Amino acid sequence: MIIRAITDRDWPTILDIQYAVYPNITPESEAVLRSKIELGPETCLVVTNHQGKVMAYCLAHPWLSNPAGLHTIYSAPINPQSLYIHDMAISPAFTRQGIGKKILQYLYEWAKKHYFEQLSLVSLAQATSYWKVQGFHYQDYSIDTHQYGEGACYMLKRI
């Protein structure tokens with residue numbers, strides 16, 4: 001597995017993975033997804049196999065203590081406290097290979113090196129147990145269920 005920066009040629013595959021992984025929520029536009037790179041150029045990435053096939057992507061960026069919404073292009077925050085995992089998706093063809101753990105290890109080390117206090121994310125209902133195993137804890141914060149679906153929750157992992 002190779003972790004690398006996102007290139008222009010990766011976007012069709014990223015969009016295909018997004019559609020496959022999130023069938024029950026409105027997909028974000030390519031423009032919104034691309035805007036995350038402006039916020040986190042070192043933490044927006046793809047994971048490829050040795051043949052160059054994109055197996056997963058992650059869009060993470062410095063953020064404030066509350067979650068960012070979907071479908072919005074944001075400006076860089078002043079004094080961010082968290083590395084926010086906006087989206088991490090693994091192609092269904094490549095699940096159960098440790099890709100998620102490898103991405104999280106990379107993000108954790110990057111956040112620690114840059115003195116962030118925590119990793120944060122909004123978990124969809126079906127993924128909450130995965131994030132708990134990865135050390136994330138539920139936070140009492142109201143999530144827009146129109147965007148994320150019923151059962152979504154805000155979660156943090158302290159660094």
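Contact here means heavy atoms within 4.5 Å. By that criterion, and leaving aside residues up to four places away in sequence, Ile14 touches Ile6, Leu33, Val46 and Tyr57. The model described in this report is predicted.

## Overall architecture

The protein chain contains five helices and seven strands. Read from the N terminus, its elements follow the order β-α-α-β-β-β-α-β-α-β-α-β. The radius of gyration is 14 Å, close to the 15 Å that the globule rule gives for 159 residues, so the protein chain is as compact as a globular protein of that length. Along the principal axes, the C-alpha atoms fill a box of roughly 40 × 35 × 30 Å.

Of the 159 residues in the protein chain, 47% are buried. Among contacts with a separation of 6 or more, 66% are between residues 24 or more positions apart.

## The sheet

The seven strands of an open sheet are arranged in the order S1-S2-S3-S4-S5-S7-S6, and their pairing is mixed. Strand S1 (2-5) and strand S6 (137-139) stand at the edges; each has a single partner strand, so one side of each is left without a neighbour in the sheet. From one strand to the next, the twist averages 30°.

In general, strands of a sheet pair through backbone hydrogen bonds, in either the parallel or the antiparallel sense.

| Strand pair | Sense | Bridges |
|---|---|---|
| S3 (residues 54-63) and S4 | antiparallel | eight |
| S4 and S5 (residues 118-123) | parallel | four |
| S5 and S7 (residues 153-158) | antiparallel | six |

Individual residues illustrate these pairings. Ala60 has Ile85 in S4 as its bridge partner. Leu83 stands opposite Leu119 in S5. The chain passes from S4 to S5 through helix H3 (residues 99-113), and this β-α-β crossover is right-handed. For Gln118, the bridge partner in S7 is Arg158.

Eight of its nine residues are buried, so S4 is largely enclosed by the rest of the structure. The cut-off for a buried residue is under 20% relative accessible area.

## Helices against the sheet

The pairing of S5 with S7 is antiparallel. Helix H1 (residues 11-21) packs on the sheet, where it touches strand S2 (44-48), S3 and S4. The direction of H1 makes about 90° with that of S3. Helix H3 also packs on the sheet, touching S1, S2, S3, S4, S5 and S7. The direction of H3 makes about 165° with that of S4.

## A residue of helix H1

Ile14 is found in helix H1. Its relative accessibility is 0%, and Ile14 therefore counts as buried. The residues that Ile14 touches include Val46 and Tyr57. Ile14 and Gln126 are 112 residues apart in sequence, and their C-alpha atoms are 21 Å apart in space.

Notes:
Residues are numbered from 1 along each chain as its sequence is written. This is a predicted model: local features need pLDDT of at least 70, side-chain atom pairs count only at pLDDT 80 or more; totals for chains, interfaces and linings use all residues. Side-chain values use heavy atoms; hydrogens and water are left out. Buried means under 20% relative accessible area, exposed over 50%, partly exposed in between (1.4 Å probe, protein chains only). Helices (H or I, at least four residues) and strands (E, at least two) are DSSP runs, numbered from the N terminus. Two strands pair if DSSP finds at least two bridges between them. A crossover is right-handed if, with the strands pointing away from the viewer, the path from the first strand over the helix to the second runs clockwise. Axes are lines fitted to C-alpha atoms, for helices over the stretch in contact, and angles run from 0 to 180 degrees between N-to-C directions. The radius of gyration is taken over C-alpha atoms; the globule rule is 2.2 Å times the number of residues to the power 0.38.
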